[in-house]
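Look at the sequence and the model first, then read on.

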Amino acid sequence: MSRILTAVAIVAVVAAVAWWLQRRRAPAAPTQPRWQAPAQLDRADFPDAATPWLVVLFTSATCHTCADMSRKAAVLASAQVAVVEVEFTARRDLHRKYAIDAVPIAAVAGPDGAVRATFVGPVTATDLWAAVAEARDPGTTPEPGLGAP
């Protein structure tokens, strides 16, 4: 009987120590968001759906970096490349549909809507232009993985 009481006492002490240690442990940090660009675009959501290549720039009117990105992307517009800016207040529906929770986000999509290159945050004009060139004609730039989704 004394062995059983000793075993119960030891289990109780171990449980109390475990409970006390658990309470002392610091709480885990909250999960941080990971901003991601869409992997697929519905070409019908954007003007010039028939253009082979599409550069979509998700922006906000209150974002100064977005204005700079718009200027960089606008240069890419041609008969083969449509450039579309999707400003948050004007097209909240598309921001929701593609789960855009940070701007600027640039996405380069092919004829099938598959996104071939993305950039979250500011990007240099050279990198953006090179990513579009690489998506259109793989192997033409020295950095083939640039903007890889």
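**Strands and rings**

Val55 stands opposite Val108 in E3. This is a predicted model, where local features need pLDDT of at least 70, side-chain atom pairs count only at pLDDT 80 or more, and totals for chains, interfaces and linings use all residues. Residues are numbered from 1 along each chain as its sequence is written, and side-chain values use heavy atoms, with hydrogens and water left out.

Q: How many bridges join E1 to E3?
A: Helices (H or I, at least four residues) and strands (E, at least two) are DSSP runs, numbered from the N terminus. Two strands pair if DSSP finds at least two bridges between them. E1 and E3 run antiparallel, and the bridges that join them number five.

Q: How many of the five residues of E3 are buried?
A: Buried means under 20% relative accessible area, exposed over 50%, and partly exposed in between (1.4 Å probe, protein chains only). In a regular strand the side chains alternate between the two faces of the sheet. On one side of E3, Ile105, Ala107 and Ala109 are buried, and on the other Ala106 and Val108 are buried too. E3 is largely enclosed by the rest of the structure, because its buried residues number five of the five.

Q: Are the rings of Phe46 and Tyr98 stacked or edge-to-face?
A: Rings of Phe, Tyr and Trp (its six-membered ring) pair if their centres lie within 6.5 Å; planes under 30 degrees apart count as stacked, over 60 as edge-to-face and the rest as tilted. By this rule the count comes to two aromatic pairs. The centres of Phe46 and Tyr98 are 6.1 Å apart and their planes lie at 25 degrees, so the pair is stacked.

Q: How many residues apart are Phe58 and Tyr98?
A: Phe58 and Tyr98 form a tilted pair, 6.1 Å centre to centre with 55 degrees between the planes. Phe58 lies in strand E1 and Tyr98 in the loop between H3 and E3, so this pair links distant parts of the chain; the separation in residues is 40.

Q: What is the relative accessible area of Phe58?
A: Ring pairs link Phe46, Phe58 and Tyr98 into a cluster. Tyr98 counts as buried at 10% relative accessibility. Phe58 is buried as well, with a relative accessible area of 0%.
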